[in-house]
Amino acid sequence: MRSRYSAYCRSEAEYIFKTYAKAKQAENSIEDIAAFAAYARFIKLEVIDEVIEATSGIVEFKAHYIADNCHYVLHERSNFITEESLWRYLDGELYDTPIVKLGRNDLCPCNSNKKYKKCHGAS
């Protein structure tokens, strides 16, 4: 889960694609993954809960990102399985979260205690 988040931060679309379960790869093109990773500027990951078993696991998390001067929170309960001895993302349940428009003088949602314009709002 954390490696997928890091790959989104670094726009490593091929890695993300390879970490999908084989049955789900056709639904998620490398181009679509790359487009989303380029659009979203990820700023924080919160792992809320995880349940790991021998061949399956569940991770609930919140991935915070900024796009178009708005703060988004991707809150998901994800299902992972093992295939070929590797953990792969199968699917997940998304939770509704508010979208917050960021003003230049608002505190940055990354918790830096800086104004947005001086932190992630700087181009």
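Reader: Which residues does Tyr5 touch, not counting residues up to four places away in sequence?

Author: First, the ground rules. This is a predicted model, in which local features need pLDDT of at least 70 and side-chain atom pairs count only at pLDDT 80 or more, while totals for chains, interfaces and linings use all residues. Residues are numbered from 1 along each chain as its sequence is written, and side-chain values use heavy atoms, with hydrogens and water left out. A contact means heavy atoms within 4.5 Å. Tyr5 touches Phe42, Ile43, Lys44, Leu45, Ala63 and His64.

Reader: Is Tyr5 buried or exposed?

Author: Buried means under 20% relative accessible area, exposed over 50%, and partly exposed in between, with a 1.4 Å probe and protein chains only. Tyr5 counts as buried because its relative accessibility is 12%.

Reader: Which element holds Tyr5?

Author: Elements are DSSP runs numbered from the N terminus: helices are H or I with at least four residues, strands are E with at least two. Tyr5 lies in helix 1. The chain has 3 helices and 5 strands, in the order α-α-α-β-β-β-β-β.

Reader: Which residues of helix 1 are buried?

Author: They are Arg4, Tyr5, Ala7 and Tyr8. They sit on the same side of helix 1, because they cover an arc of only 160° around the axis. That arc is taken from the directions from the helix axis to the C-beta atoms.

Reader: What do the buried residues of helix 1 pack against?

Author: Their partners are helix 2 (13-18), helix 3 (30-39), strand 1 (41-52), strand 2, strand 3 and strand 4. Just after helix 1, Ser11 has a positive phi of about 55°.

Reader: What is the volume of the largest pocket?

Author: On a 1 Å grid over the protein atoms alone, a pocket is an open set of points where a 1.4 Å probe fits, with protein on both sides within 12 Å along at least five of seven lines; lining residues have an atom within 4 Å of a point. The volume is the space filled by probe spheres set on the points, which are joined across faces, edges and corners. Here it is about 410 Å³. Of the 20 lining residues, Arg4, Tyr8, Leu74, Glu76 and Tyr89 are the closest to the centre. Helix 1 (2-9), strand 2 (56-67), strand 3 (70-83) and strand 4 (86-95) each give two or more residues to this lining.
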